[in-house]
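User: I would like to go through some labels given to charged side chains and the reasons behind them.

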Amino acid sequence: ALPICFHHRLGPVQASQLEGVVAEAENAVRGVLKLCSASSLKDSAVPAETQEQWILWPLAPALQQLALRLRLDGRLLESVAAWRRAERAASFVVPLSNIHLRIQAELLLTETRRSAKETLLSECLQASTAAFGGGLSVWQLLFGFRMPKTTKELAAQVAMNVDCRPCHISYSWKEENAGCASLVAWSAAFRSSEDVRLDASPAALLLAAQGAADTQVPCPFEIDVESVRTKFSRRRRCLTVQVSKR
């Protein structure tokens, strides 16, 4: 379980105090986002929501503390909203990581205080299977043991219908200078550089990974296959491919 926010002199921090701190921090972050959107981020190849979630990511720990405090106070709707905001940021920055799945499990646990949520339960099972494999049995071992009996029973039914479609590979091109460009590709299926397969031809790049749908990416110009260079970020599950004009 997550520890309650605790001040070394004043003791446990109340929900109202946490709400004020989070709101003040978020206003500051959104102010920075607004300034950046008007300048450097405006021309970025990275989608706007991805930029926003990365900038809001440092607030995730505070949002988790607030969500837990609200849950303990019985303010379940507000707790769910805070968990969802933290989960959204985690899904962009550290998708299918221990942090992401733990936040997702806390969200489900909070929702089950009100009623069983089949859609959310299905999402949790999908994420657990994609991250660790093993289906229902692994989810029960890692997260299900904390859930109410009714949720465990519903999980057994939902698991039979969990959609196991392959993950989507998203990408965007960014032209760096005359004759050079970079492809940025990201997917929940990109766990390590060994997982990603890249095939290059002068006209297109083919991206593939276990658990993801093969994706053909047209090149912005005819490329020199021998000049292709790659860099992988495990934390972001992101592959950067640098190419040069033929």
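Analyst: Arginine 84 has a relative accessible area of 39% and is partly exposed. The model is predicted, so local features need pLDDT of at least 70 and side-chain atom pairs count only at pLDDT 80 or more, while totals for chains, interfaces and linings use all residues. Residues are numbered from 1 along each chain as its sequence is written, and side-chain values use heavy atoms, with hydrogens and water left out.

User: Why is arginine 84 called partly exposed?

Analyst: Buried means under 20% relative accessible area, exposed means over 50%, and partly exposed is in between (1.4 Å probe, protein chains only). Arginine 84 is at 39%, so the label is partly exposed.

User: What makes arginine 84 and glutamate 111 a salt bridge?

Analyst: A salt bridge needs a side-chain nitrogen of Lys or Arg within 4 Å of a carboxyl oxygen of Asp or Glu. The closest N and O atoms of arginine 84 and glutamate 111 are 3.3 Å apart, so the pair qualifies. This pair links distant parts of the chain, 27 residues apart: arginine 84 is in helix 4 (residues 76–93) and glutamate 111 in helix 5. Helices are DSSP runs (H or I, at least four residues), numbered from the N terminus.

User: Is glutamate 111 buried or exposed, and why?

Analyst: Glutamate 111 has 4% relative accessibility and therefore counts as buried.

User: Why is glutamate 52 called partly exposed?

Analyst: Glutamate 52 is at 23% relative accessibility, so the label is partly exposed. Its side chain meets that of arginine 30 in a salt bridge (2.8 Å, N to O).

Key:
Helix = DSSP H or I, 4+ residues; strand = E, 2+ residues; numbered from the N terminus.
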